[in-house]
Amino acid sequence: MKVLSIQSAVAYGHVGNSAAVFPLQRIGVEVLPVYTVNFSNHTGYGAWRGPMIDPNDVREVLTGIEERGVFGEIDAVLSGYQGGEGIGDVIIDAVVRVKAANPDAVYACDPVMGNAKSGCFVAPAIPILLREKVVPAADIITPNQFELGFLTGTEPDTLESTLASVDLAMAMGPRTVLVTSVERPDREEGTIEMLVADSAGAWIVQTPRLPMKANGSGDVTAALFTAHYVETGDANTALERTASSVFDLLAATLESGARELQLVEAQEFYANPRMQFTARQVR
């Protein structure tokens with residue numbers, strides 16, 4: 001499998017491509033990383049150095065890859081945090097060209113905007129760009145529950161309202177929706193969930209909620225789910241594998257006491273997920 005991953009990169013820590021690439025490689029996926037920023041560290045520290053890469057330069061890199069004749073071999077295009085307005089058009093253009101070379105290729109978009117606790121943390125134009133242009137071009141989207149609500153103009157909280165919001169998102173264009181950080185008022189205390197839906201049905205998986213916040217965990221989730229889903233065509237299996245790997249990555253990070261994901265140390269959990277969580281079909 002080959003994945004074209006168009007995301008940010010940091011030298012220190014693990015977010016964007018610096019979070020997504022290694023887990024994909026560890027499960028046997030060939031990754032072509034294209035960077036949209038090249039920062040010293042993620043912006044959660046409040047200070048960082050390095051450039052945001054001009055969309056035209058990103059386009060040039062993509063054109064160079066295309067000129068090598070590789071686009072026909074790409075199975076999935078993956079995108080995450082979009083720092084500036086122009087990058088969305090570059091990504092969509094790349095998706096169109098990849099699909100022209102390989103009609104079976106899919107586009108997986110992680111529509112990064114924010115979360116329920118901090119609200120939107122991207123430039124004001126980005127959520128509108130995602131909702132109106134990028135998400136409609138995607139086959140798979142992986143929003144958290146807050147982002148799902150913004151995309152659809154709803155406030156999902158219960159299982160029923162979350163499924164209804166998923167249906168609205170699918171009506172925008174994507175055929176598969178993975179919702180992360182699902183927090184239902186009637187869920188078991190001390191847990192958190194992920195939900196996935198496609199044409200075959202919908203499943204939800206529950207894991208213990210760990211007392212931590214880890215930048216980059218959503219990027220790992222989107223990458224692993226996309227790869228497992230493309231490989232198996234089974235949303236339930238992809239969900240269970242992803243939940244297993246990401247939970248153990250977070251648990252290892254929490255145990256270490258480190259602020260950054262223990263991405264390399266947890267590599268066995270990607271290669272051989274323990275499959276300790278069973279998803280429940282809800283539709």
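**A close look at Thr36**

Modeller: Leaving aside neighbours within four places in sequence, Thr36 is in contact (heavy atoms within 4.5 Å) with Ile6, Gln7, Ser8, Met52, Ile53, Val58, Tyr81 and Ile87. This is a predicted model, where local features need pLDDT of at least 70 and side-chain atom pairs count only at 80 or more, while totals for chains, interfaces and linings use all residues. Residues are numbered from 1 along each chain as its sequence is written, and side-chain values use heavy atoms, leaving out hydrogens and water.

Thr36 sits in strand 2, residues 30-39; strands (E, at least two residues) and helices (H or I, at least four) are DSSP runs numbered from the N terminus. Thr36 has a relative accessible area of 5%, so it counts as buried (under 20%; exposed is over 50%, partly exposed in between, with a 1.4 Å probe and protein chains only). A polar atom of the Thr36 side chain lies 3.2 Å from the backbone nitrogen of Ser8. A polar contact is a pair of N or O atoms within 3.5 Å; within protein, one must be able to donate a hydrogen and the other to accept it, and residues adjacent in sequence count only if both atoms are side-chain atoms.

Now try Asn144, in the loop between strand 7 (140-141) and helix 5 (145-152). Asn144 is buried too, at 11%, and a polar atom of the Asn144 side chain lies 3.1 Å from the backbone nitrogen of Phe146.
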